[in-house]
Amino acid sequence: MNKQISIDVDALSKPLTYSTEAFLSRDYAEAEKEKLWPKVWQLVERVDDFKEIGDFVTYNIADDSIIVIKTGETSFNAFHNVCPHRGRQLVNAPNTVHSVRGNRRNFVCGFHGWTFDHDGNNTYILDKEDWQGALTPEHTCLSKVKVESWGGWVWINMAPDAAPLMDFLGRAGEVLSYFQLDKMQYKWRQWAVYPCNWKTAIEAFMEPYHVAGTHTQLLAYGDYYAYSAAHDWHGVSGFDQKGLDAKMSQGGSVTRVGKGTDARVSTYELARENFETLNYTGSTETLVNAAKRLVDELPEGTPAAEVIAHMMKSAKADDAARGVIWPEIPPEIMTEAGLAWSLFPNLTILQGVTFALCYRTRPYGDDPDKCIFEAYAMERYPEGEAPQTEWTECAPTAEKWGSVLAQDFDNMEWVQRGMKSRGFRGTLPNPHQERKITNFHRNLAMFMGTGEPRLLK
Ligand code: FES
Ligand SMILES: [Fe+2]
């Protein structure tokens, strides 16, 4: 991080603007390769995806490629994906595939056969004596990358002096740890190469302010006024319902009472709508079924808070009966956790007690107008019952991603194009509902040395 910023966190509540350089400029995208990506913690893959010792996964970020290898029951090593001899990628990792996976006892470079073990030590060099004794292990080993795990994910950081992952995650990590994300497993995982900058893409999932304009059909089921708050590098948003009912139930989370006169009916309708239009995430079958029974199990006129409490209690019991144990999350943490977290720079996690919907975006090579867009759903499953999934490349259609995500896709490309208009005077983010985004640009500017939000007046 290079730059001191003059906008402090309190100023994020004021009307601000920031330039479009971060989204459109080739020079900015080029600078990210030096100033951003080599310096931040980045999520690679689920821990569970590495089954055997020697299982490896490649992770590409802009021009860099990293190999993560499982080295023990709970240990991993990560290396830059490059042979120290003459620079061939050790594992061919094209951008046209999501990641390259496999299992190797050792890594043999395809060019001249130099060989490396799981610790990155060189174990074979053809005709080593030709170097006249000059080659030391420091010359010939793989270049190490920091690796840690949290939340059931493996993370890497290319900076040798990087602070520990939990320091970087801060309060976001503490709050999300209550959700035991590490005990969730993939329900589906999909990706696409999409025609917009990676920031344009992730920002489409950082605020519910767009629900009324984009997902108009959802207005029949709920109100979407939201708060948005900075948490150091990260940010959280939640539905802003100030009534007593909401406070006693689920704070600002996705599982809540819907809009309508009968909370038993509206809670079910909202849960069902979320589930069906978010590609069967944003809720679970257990929760939807428990919501469906509300009209039979509770008298008409039951207060909203009791409706939600009853639904959660019966869904928890239903899940326990099939071997899915919910974590105990204190009510004040539920409230603080809100709807969704953005983890700097490129992750969004919409968390529930038994599910999570996660997004990640990455640059696609050098092109500021393209990104790799990834979304995946996770759930708690009874032992051994999680579906077998793999990363699937999917066109950005409602059929593949659900109708709500298709509506989001239908903005992203046109935001990217619109921001290029010479008639665009600069962004006008909502000071209450889009603060996660201004905080994101504030944080980005600390790494990039440019693009700091400034007061509108
Ligand atoms: S580049 Fe790898 S062995 Fe020569
Ligand atoms: Fe959306």
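This is a predicted model: local features need pLDDT of at least 70, side-chain atom pairs count only at pLDDT 80 or more; totals for chains, interfaces and linings use all residues.
## Before you start

Let's begin with helix H11, which runs over residues 304–321. Its 18 residues reach 26 Å from the first C-alpha to the last, close to the 26 Å expected at 1.5 Å a residue.

Which residues of H11 are buried? They are Ala 304, Val 307, Ile 308, Met 311, Ala 315 and Asp 319. An α-helix has 3.6 residues a turn, so residues three or four places apart point the same way. Over on the other side of H11, Lys 313, Ala 317, Ala 320 and Ala 321 are exposed. Just after H11 comes Gly 323, with a positive phi of about 90 degrees.

## Two domains

Stepping back, the chain is divided into domain 1 (1–37 + 171–252 + 324–457) and domain 2 (42–161). Their C-alpha centres lie 30 Å apart. Where they touch, 19 residues of domain 1 are in contact with 13 residues of domain 2. On the domain 1 side, strand E17 (355–364) is among the elements giving two or more residues, and E17 gives the most, with 4 residues. That side divides into 10 nonpolar, 3 polar and 6 charged residues.

## The annotated stretch

UniProt, in an unreviewed entry, places the feature "domain: Rieske" at residues 41–156. The end C-alpha atoms of residues 41–156 lie 6 Å apart, and the span is 3% helix and 39% strand.

Key. Residues are numbered from 1 along each chain as its sequence is written. Chains are lettered from A and ligands numbered from 1 in the order in which they are written. UniProt positions are given in the numbering used here, feature names are shortened, and annotations may be inferred rather than shown by experiment. Domain bounds come from an automatic or database domain assignment. Two residues are in contact if their C-beta atoms, placed from the backbone, lie within 7 Å. Ala, Val, Leu, Ile, Met, Phe, Trp, Tyr, Cys and Pro count as nonpolar, Asp, Glu, Lys and Arg as charged, and the others, Gly among them, as polar. The expected span of a helix is 1.5 Å times one less than its number of residues. A residue is buried if 20 or more other C-beta atoms lie within 10 Å of its own, exposed if 12 or fewer, and partly exposed in between; C-beta atoms are placed from the backbone.
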